[in-house]
Amino acid sequence: MMNNSYTEPHKATSQVSKKLAVCCRGVTKTFGQGNSAVKALRGADLDVRSGELLMLVGPSGCGKTTLISVIAGVLQRDAGQCTVLRQDYDNMSENETTAFRGKNIGFVFQAFNLIPSLTTAENVATPLIINGMKPKSAIAKGREMLAQVGFDERMMRSLPTDLSGGQQQRVAIARALVHEPHLIVCDEPTSALDSETGHKVMELLSRLGRAENRALVVVTHDSRIYKFADRMAEMEDGAISRVVNSPLDLKTASEETF
Ligand SMILES: Nc1ncnc2c1ncn2[C@@H]1O[C@H](COP(=O)(O)OP(=O)(O)OP(=O)(O)O)[C@@H](O)[C@H]1O
Ligand SMILES: [Mg+2]
């Protein structure tokens with residue numbers, strides 16, 4: 001029987017505890033077969049501590065989206081271990097995985113993945129409705145969340161296609177936060193945002209995502225937001241090559257990324 005409560009007493013004195021929200025060991029994933037096979041993950045090891053914002057960086061194609069998709073339970077690994085909020089998707093049925101994800105995980109997709117036929121407020125309300133909240137209350141909560149990312153009345157009633165890329169990205173972020181998930185996974189959350197909006201969105205993500213018993217993984221190429229990281233993990237060729245405490249520590253071996 002799956003136990004997806006995540007309420008163990010928090011013993012650490014600092015906000016970032018040693019307790020792990022995510023623990024991946026030797027995770028592999030290959031897309032396709034034969035000559036066209038792509039080894040996207042080749043033994044990725046990653047810990048995400050409860051209470052921290054971990055940034056995942058690395059060149060295009062190194063496997064960042066694949067790794068966070070495995071962590072979020074939207075993609076199945078081929079081999080290796082992956083414990084997320086002390087659960088393993090391998091021990092869950094499809095329905096249990098869907099329920100676990102719906103309750104515990106917020107995902108900001110690289111391509112936003114908004115539902116085109118729903119207004120922005122309805123899009124943001126979706127995770128709450130899936131978790132059983134009445135639509136009227138869910139939409140009201142969705143609107144509150146959208147206000148936090150700077151949306152006005154008109155934008156809340158708009159369809160995603162009527163919004164700019166940056167506005168769609170903010171809807172995707174509001175949708176990932178609205179159900180107060182224990183793990184928030186963001187794929188390039190500031191890629192379509194100007195510097196000031198990106199800063200505000202990161203402040204919101206840090207404020208809502210870094211509380212006790214919560215954690216955030218943020219994939220990014222955007223060095224302007226590195227300062228929000230508690231730790232940074234660098235990825236190369238489908239594996240984590242190192243984890244450092246400060247973006248300055250990355251500089252020595254990869255000047256070209258700055
Ligand atoms: N659904 C898929 N089918 C086939 N190959 C895939 C699929 N998804 C990813 N890949 C391949 O797996 C490798 C890792 O892709 P991934 O999207 O994880 O990289 P990434 O680090 O997120 O890159 P980017 O920074 O460009 O987003 C790439 O070679 C990519 O082409
Ligand atoms: Mg990617």
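Trainee: What covers the buried residues of α3?

Mentor: The cover includes α2 (94-104), α4 (135-148), α5 (153-157) and α6 (165-177), helices being DSSP runs of H or I of at least four residues and strands runs of E of at least two, numbered from the N terminus. Contact requires C-beta atoms, placed from the backbone, within 7 Å. This is a predicted model, in which local features need pLDDT of at least 70 and side-chain atom pairs pLDDT 80 or more, while totals for chains, interfaces and linings use all residues. Residues are numbered from 1 along each chain as its sequence is written, and chains are lettered from A and ligands numbered from 1 in the order written.

Trainee: What makes helix α3 mostly covered?

Mentor: Of the 11 residues in α3 (120-130), 8 are buried; among them are Thr120, Asn123, Val124 and Leu128. Gly132, with a positive phi near 105°, follows α3.

Trainee: Why is Gly63 called buried?

Mentor: Gly63 has 26 other C-beta atoms within 10 Å; buried means 20 or more, exposed 12 or fewer, and partly exposed in between, so Gly63 is buried. Gly63 sits in the loop between β3 (53-57) and α1 (64-71), and touches Ala40, Leu41, Ala44, Met235 and Gly238, leaving aside residues up to four places away in sequence.

Trainee: How do you know that Gly63 is around ligand 1?

Mentor: Gly63 is listed in the shell of ligand 1, which also includes Ala40, Lys64 and Thr65; the criterion is a C-beta atom, placed from the backbone, within 6 Å. The largest contribution to this shell, 3 residues, comes from α1.

Definitions and conventions:
Two residues are in contact if their C-beta atoms, placed from the backbone, lie within 7 Å.
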